[in-house]
Amino acid sequence: MGLFSARRVKRIAPGRYRIALPEPERELLSTLVPQLRELLTTDDPSLNRLFPTAYADDPERDAGYHAMVRDELLEKRFHSLDVLERTVEGGEVDEETLASWMRALNDLRLVLGTRLDVSEDDDPMDIDPDDPLAPAWSIYHYLAALQSMIIDALSQEL
């Protein structure tokens, strides 16, 4: 949580949360959501983490599995993106809305992480600011930090 000087997501009552993002962060999310929505309609390899292989040793069974579940998974992903987009201005939200944010941020992070070929050994402090991928790495770490704040807020209910 060291990335932020203030918490963006706070629990304010049982099942109620306040989201308060600065304008540049709202603009970033408002840009990323439609990009992912459009990408989800393709077979882009960066989506592999969102639709993982179920039967690595049996392509025919795997294709059958994907035919059976892909539409439902897409529907859930589109719903979470719609919720984030509709509520990106922040304010008071319920637990279900915050859970949709968490799922949408996770999908964004997984796709970006796949494109960046993220590994457990990557250290955000090792990013060279002159690297052409530095902005993408910054977005990746921002999404992870915001997702962590949501998890922290939701875990206060436990």
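**Exercise 1.** At what angle do helix α2 (residues 59-87) and helix α3 (residues 95-116) pack, and how far apart are their axes? Work out the orientation class and describe the contact.

*Solution.* Bear in mind that this is a predicted model.
- Step 1: start with the geometry. The angle between α2 and α3 is about 110°, and their axes lie 8 Å apart.
- Step 2: pick the class. Angles from 65 to 115 degrees count as roughly perpendicular, so α2 is roughly perpendicular to α3.
- Step 3: check the handedness. α2 passes α3 in a left-handed crossing.
- Step 4: list who touches whom. From α2 you get R77, H79, S80, L81, V83, L84 and T87, and from α3 there are T97, S100, W101, R103, A104, L105 and D107.
- Step 5: sort them by class. This α2 with α3 contact has 6 nonpolar, 5 polar and 3 charged residues.

**Exercise 2.** Now do α1 and α2: is the pair roughly parallel or antiparallel?

*Solution.* 
- Step 1: the packing angle of α1 and α2 is about 160°, with axes 10 Å apart.
- Step 2: anything over 145 degrees counts as roughly antiparallel, so that's the label α1 gets relative to α2.
- Step 3: α1 and α2 make a left-handed crossing.
- Step 4: on the α1 side, L29, V33, P34, L36 and R37 meet F78, L81, D82, L84 and E85 of α2.
- Step 5: the class count for α1 with α2 comes to 7 nonpolar, no polar and 3 charged residues.

**Exercise 3.** How do α1 and α4 pack, and which residues make the contact?

*Solution.* 
- Step 1: α1 and α4 pack at about 105°, and their axes are 12 Å apart.
- Step 2: that makes α1 and α4 roughly perpendicular to each other.
- Step 3: E25, L28, L29 and L32 of α1 make the contact with I139, Y142, L143 and L146 of α4.
- Step 4: by class, the α1 with α4 contact has 7 nonpolar, no polar and 1 charged residues.

**Exercise 4.** Which helices each supply at least two residues of the lining of the largest pocket, and how much space lies in that pocket?

*Solution.* 
- Step 1: the largest pocket holds about 240 Å³ of space.
- Step 2: its lining is made up of L32, Q35, L36, L39, L108, V111, L112, R115, A136, I139 and L143.
- Step 3: α1 (23-39), α3 and α4 (134-155) each supply at least two lining residues.
- Step 4: classify the lining, and you get 9 nonpolar, 1 polar and 1 charged.

How values were computed:
Residues numbered from 1 in each chain as written. Predicted model: local features only at pLDDT ≥ 70, side-chain atom pairs only at ≥ 80, totals over all residues. Heavy atoms only, no water. Axes fitted to C-alpha atoms, helices over the stretch in contact; angles between N-to-C directions. Helix = DSSP H or I, 4+ residues; strand = E, 2+ residues; numbered from the N terminus. Parallel < 35°, antiparallel > 145°, perpendicular 65-115°, else oblique. Left-handed = near helix turned anticlockwise from the far one by under 90°. Contact = heavy atoms within 4.5 Å. Nonpolar A, V, L, I, M, F, W, Y, C, P; charged D, E, K, R; others polar. 1 Å grid on protein atoms, 1.4 Å probe; cavity = no way out; pocket = protein on both sides within 12 Å on 5 of 7 lines; lining within 4 Å. Points joined across faces, edges and corners; volume = space filled by probe spheres on them.
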